[in-house]
Amino acid sequence: MNESLKLYVQKIKKLPTLPVIAQEILTLVGNDLTSVSRIERVVENDPAISAKILSVANSVFFGVKTQTKTLDNAIMRIGFDNLKSIALGISLMTVLQEGKRGKVFDYNRLYNHSVTVGFTARLFSKKLKLDFSDDIMINGMLHDLGYLIMNKFFPDTYRDVMALFEKERSLLDAEKSVLEFTHADIGHWLAENWKLPNSVLDTTLYHHAPSLADRNLKRVAVIHLADYITTRTMLSPTEKDPNYPFDYASLDILNITEKDVSDFEAGMSGDEYAGEFS
């Protein structure tokens, strides 16, 4: 951790704790004997999670033709593995909603970007026949934790970043100029404090630069490509194009070509998602 990052995190007087509901859901979903009704009883106690689970279940990711209005049907449609990631991601992101001094990011936009990256990563990993497709979604949902921390605790400073970004080509360069660290660095710091899995630590820290990672290389590369594709073609985390840097090392890590990525990107559609997630 560099000195600048230390100074910033020391200013956070009260760090949000890992939500209890996230731990409960992980325990229940990890038990093969758990019924949908038991998970439903836990989730329905949190209106924010319930509403977002319904929203995701009725989204393009599942090729929806009929809308579901009940939580149990939504959970069945999503599936236990997806539910674990979505519920955990929602619960962690919700405690980092913007603070009292205003916001820099549109929280809903950032949330939707994160969910889309998660689903895109899951689909991409299945296409590549990688064996982490069932849990990679949580890596996608939490990769931009750093934006949420800056948005909640340091909105004024991050406005300076965005102002410089108007003149810079890269948001990362603007962050380094103003903060001397990036959203990936502070997101990694929070993931460590929450004692999240190593895969979350690595994808949070290296999602812009898989070439720098020394473990979970394929997972980090998939998140990088999913974030790149989502930012370019569907929904970027900021209102303007952040000129997402492409790390060509991710192609070598996954043993694929630029054409493979282009073909995957061109094939992205509701039907494509539905075939994989229904």
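**Helix pairs, covered helices and loops**

Visitor: At what angle do the axes of helix H13 (residues 198-206) and helix H14 (residues 217-233) cross?
Guide: The axes of H13 and H14 come within 9 Å of each other. Axes are lines fitted to C-alpha atoms, for helices over the stretch in contact, with angles from 0 to 180 degrees between N-to-C directions; helices (H or I, at least four residues) and strands (E, at least two) are DSSP runs numbered from the N terminus. For H13 and H14, the crossing is at roughly 45°.

Visitor: What pLDDT do local features need in this model?
Guide: Residues are numbered from 1 along each chain as its sequence is written, and side-chain values use heavy atoms, without hydrogens and water. The model is predicted, totals for chains, interfaces and linings use all residues, side-chain atom pairs count only at pLDDT 80 or more, and local features need at least 70.

Visitor: Which word describes how H13 and H14 lie to each other?
Guide: Angles under 35 degrees count as roughly parallel, over 145 as roughly antiparallel, 65 to 115 as roughly perpendicular, and the rest as oblique. The angle here is roughly 45°. H13 and H14 are therefore oblique.

Visitor: Is the crossing of H13 and H14 left-handed or right-handed?
Guide: A crossing is left-handed if the near helix is turned anticlockwise from the far one by less than a right angle, and right-handed if clockwise. H13 passes H14 in a crossing that is right-handed.

Visitor: Which residues of H14 make the contact with H13?
Guide: Contact means heavy atoms within 4.5 Å. H13 contributes Ser199, Asp202, Thr203 and Tyr206. The residues divide into three nonpolar (Ala, Val, Leu, Ile, Met, Phe, Trp, Tyr, Cys and Pro), two charged (Asp, Glu, Lys and Arg) and two polar (the others, Gly among them). From H14 come Arg219, Val220 and Ile223.

Visitor: H14 also packs on helix H16 (residues 258-266), so which residues of H16 take part?
Guide: The axes of H14 and H16 are 11 Å apart, at an angle of about 50°. That angle makes the pair oblique, and the crossing is right-handed. The contact holds four nonpolar, one polar and two charged residues. H14 brings Leu225, Ile229, Arg232 and Thr233 to the contact, while H16 brings Val261, Phe264 and Glu265.

Visitor: How many of the 11 residues of helix H12 (residues 183-193) are buried?
Guide: Buried means under 20% relative accessible area, exposed over 50%, and partly exposed in between (1.4 Å probe, protein chains only). Among the buried residues of H12 are His183, Trp189 and Ala191. The buried residues pack against helix H1 (3-10), helix H9 (145-153), helix H11 (171-179) and H13. H12 is mostly covered, and its buried residues number eight.

Visitor: At what angle do H9 and H12 pack?
Guide: Their axes lie 7 Å apart, and the contact joins Leu145, Gly146, Tyr147, Ile149 and Met150 of H9 to His183, Ile186, Gly187 and Leu190 of H12. By class, that contact has six nonpolar, three polar and no charged residues. H9 is roughly perpendicular to H12, at about 90°.

Visitor: Is Lys195 buried or exposed?
Guide: Lys195 lies in the loop between H12 and H13. Its phi is near 55°, a positive value in a residue other than glycine. At 72% relative accessibility, Lys195 counts as exposed.

Visitor: What is the relative accessible area of Asn255?
Guide: Asn255 sits in the loop between helix H15 (249-254) and H16. Asn255 has a positive phi of about 55° although it is not a glycine. Asn255 is exposed, with a relative accessible area of 71%.

Visitor: With which residue does the side chain of Asn58 make a polar contact?
Guide: Asn58 lies in the loop between helix H4 (47-57) and helix H5 (71-78), and is buried at 17%. A polar contact is a pair of N or O atoms within 3.5 Å; within protein, one must be able to donate a hydrogen and the other to accept it, and residues adjacent in sequence count only if both atoms are side-chain atoms. At 3.2 Å, the partner side chain of Asn58 is that of Arg77.

Visitor: Which residues does Ser50 touch, not counting residues up to four places away in sequence?
Guide: Ser50 lies in H4 and is buried, with a relative accessible area of 12%. Other buried residues of H4 include Ile49 and Ile53. Beyond its sequence neighbours up to four places away, Ser50 touches Val43, Glu44 and Leu71.
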